[in-house]
Amino acid sequence: MFNYRDVLGPDGLIARRRANYERRDAQLAMAAEVDAAIRDRRSLAIEAGTGVGKSFAYLVPAILHVVEDQVRDFSEDPDGAYFPFDAEGESDAEKTAPDVPAPSPDAAEEYSEDADEPFRVESEESVNADGVTPVEMRRVVVSTHTISLQEQLFEKDIPFLNAILPFEFTAALAKGRSNYVCRRRFHNAAKAASTGTLFETDLQKELTRIANWLDDCRDGSKSELNPTPAGEVWNEICCERGNCLGRNCKYHDECFYIRARKRLETAKLIVVNHALLFSDLAIRGDGNGGSILPNYDVLVFDEAHTMEQVAAEHMGLELTQSSVDYLLTRLYNDRTNKGLLVDEASQFKIGLDREIFIDAEKTVDDCRLRADAFFSDLNDWLDARPGSNGRVMEKNIIPNRLSAGLVSLREQLRRCADSLDDLNRRAEYVSACGRVDAYLLAINSWLEQSQDGFVYWLERASGRKSVRIEMRSAPIDVAPILRAQLFNVVPTVIAASATLTTRTHGSKKSGSDRGQTPPSDEPRAIAAEPDKETPETREAFEFFRSRVGMTGSRARALGSPFNYREQMTLVLAQGLELEGPNREEENERRLFAALQSYIEETEGGVFALFTNASQMRRATDALGRLLARENYPFFSQSDGAPRQRMVQMFKESSRSVLFGVDSFWQGVDVPGSALRNVIIVKFPFLAPEQPLVQARIERVKEQGGNPFRDYQLPTAILKFKQGVGRLIRTKSDVGQVVVLDERVHRKSYGRDFLRALPDCKLRVDVFN
Ligand code: SF4
């Protein structure tokens, strides 16, 4: 039967289509693993080095899975089936392929749900008597961490495969509802703005810009607007949960969000980001039978090295002072006398109805005072604990002065909603009630610390005028939650990344001599028997699989096809750090001098990766002007520029130098000679005082483990591999990775970092 080899193999469709096709054995091996996992309805953790071509390796078997009925017909009678290639090798489909595969109009017509209706979790049997998911119930979701990968999949890879494959399939990009403009809310906002009751004058101009865009936008989503619209305006006009009239809306038939949902329901392949995927899991997990995404039987979780972090971020609570302020100001701003309630009150000159809205304004004022007092109490609680990391270990650390006000506000908003016959106007109040309810739940849950196994903490963030308080919580261990909500529910989960494996010389199941092997002698690709996992593979994946709860899955690691011996030099700086007391300043001066010398060595083309924002700022202060004087285009994340913009500007010169922290260690792609020198300033250990990290360290200790060996070191190694992975993006890239962290020589675990790298040239620079 026609299979992935007929697409990816040396004589396959892609080889026939692309003149510069290169055989990639690792890609075929990965496709075989993905294909087998889907057929056997089991999960797979797969590490595929840079250059393997992992997106095609999972997309092709995934697509063949959802169109298996067509594949069978085609295999039985290839001459009778549609085949897209003409004599010159260009497919008919490719000549006419739309940019985005669209659902069939008939299927879209049959769609009957409204925007506020969740997809219902289907109740039919999801497998037939042979233990196979029927083709009509098959659907694949591909989840990514970064927008750049999402764009690559949806704008390049999927349209290409849609054009060359002799089968028809539909694909859709899923975005959260707040990404779409709501036409009804837009018209309401435009009307209110014209009476001057909603926005300041400068924000009204933003509405005019959006009105012009609406005339000929493609899918009505925010990403089409350049520059990005002001948050105050977008929040007033975007689609909101609980604020949709469904079929009662006069814009229903031309609603962007409804159209997007129709595309989702008919799509066999859906691309999402991790945030939306976890929101979907949360809604599925609440037991009410709803979901954001339609059901799927295969999930490909790409960039899976972020799985634990993203899961923790989305499974916890987050309530910020700014969000409470925002809701109250949106309802009634006493300083400017603008807001939703003012707009509504202005519709009635006198009478009971007007009084209802005036009363609600007074309740908002009361809530504002209560919110100020509540967050001020939390701030004082932090002040009373100088040097604290903000972690909260007891319940009800302050009196809850806010909830009573929010309960009154909810009642007032209900009265407002009940007084309005017009569904259009009423919807805003119903939605605001829902938001107040969510805040009440979050405040009570956080103060009561109601979720077992969660860590609770406070953070301070800089607001426009003052420090703002943020209340947060997160699960200490995401593994049991993911196991229950994901791995035990979805038949096949493929976790793919270039960095999933770790092997530390002290790890529980490793051999005792592992740390003694020089880096260049290590075998780089971990081979596995076709049907059984080797102990080495098990050990290498143990950390990842246990952290995310993927313990019953198969694992496979495939090395990169790049020739790192030719393409990459690892440079280890030695002697930068002087031992002895009070040497911090001098050592930092020596570190920055070395950083400068390595920038000059390659005449730019440098990413310097920091782990500490304060140290990056000091390095920026010490070197920024100097580098600019020497005509190096210099970009530092300390200056607050958006990441994408920094990367774009970096690529414009071969002499660019970029200083970055956290987000630059992963998900940034600069192929070619623009980036030829990655400098690792420090090994990327998580800050042990961060509350979630601290709680995880305690948890490992409680379980009898060694926190450094079992959690901190492997986490740092995975991130180190990501940082180093920024350098070689194509087979013609060459460059060096410089490690300035002295611990690479002084600590035994330094070798664990080196062993995680591919086999490459090594140079040691000794500083005196
Ligand atoms: S149906 Fe109407 S109210 Fe609902 S999201 Fe669409 S435009 Fe907005």
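The model is predicted, so local features need pLDDT of at least 70 and side-chain atom pairs count only at pLDDT 80 or more, while totals for chains, interfaces and linings use all residues. Residues are numbered from 1 along each chain as its sequence is written, and side-chain values use heavy atoms, with hydrogens and water left out.

Arg-414 forms a salt bridge with Glu-411, with 3.4 Å between the closest N and O atoms. A salt bridge here is a side-chain nitrogen of Lys or Arg within 4 Å of a carboxyl oxygen of Asp or Glu. I noted the general idea: side chains of opposite charge can pair when their charged atoms come close. Both residues sit in helix H18, and because they are 3 residues apart, about one helical turn separates them. Helices (H or I, at least four residues) and strands (E, at least two) are DSSP runs, numbered from the N terminus. Glu-411 is partly exposed too, at 38%.

**Other salt bridges**

How many salt bridges does a search of the whole structure find? The search finds 51.

I then looked up Glu-698, which forms a salt bridge with Arg-391, the closest N and O atoms being 3.0 Å apart. Glu-698 is in helix H26 (residues 691–702) and Arg-391 in strand E9, so this pair links distant parts of the chain, 307 residues apart. Glu-698 counts as partly exposed at 29%, whereas Arg-391 counts as buried at 13%.

Lys-719 and Asp-662 also meet in a salt bridge, at 2.2 Å from N to O. Lys-719 lies in helix H27 (residues 707–724) and Asp-662 in the loop between strands E17 (657–660) and E18 (677–680), so the pair ties together parts 57 residues apart in sequence. Asp-662 is partly exposed, with a relative accessible area of 44%. I also wrote down one network, in which salt bridges that share partners join Arg-185, Glu-236, Glu-240, Arg-330, Glu-428 and Arg-435.

**Cysteines**

A disulfide is a covalent bond between the sulfur atoms of two cysteines. The test used is a pair of cysteine sulfur atoms within 2.5 Å. I found 0 disulfides in the structure. Cys-239 is buried at 8%, and Cys-255 is buried at 14%.

**Loops**

Asn-396 is in the loop between strand E9 (391–392) and helix H18 (403–419). Asn-396 is partly exposed at 40%. Its C-alpha atom is 10.0 Å from that of Ser-445, which is 49 residues away along the chain.

Asp-759 is in the loop between helix H29 (750–755) and strand E20 (761–766). Asp-759 is partly exposed at 22%.

Conventions:
Buried means under 20% relative accessible area, exposed over 50%, partly exposed in between (1.4 Å probe, protein chains only).
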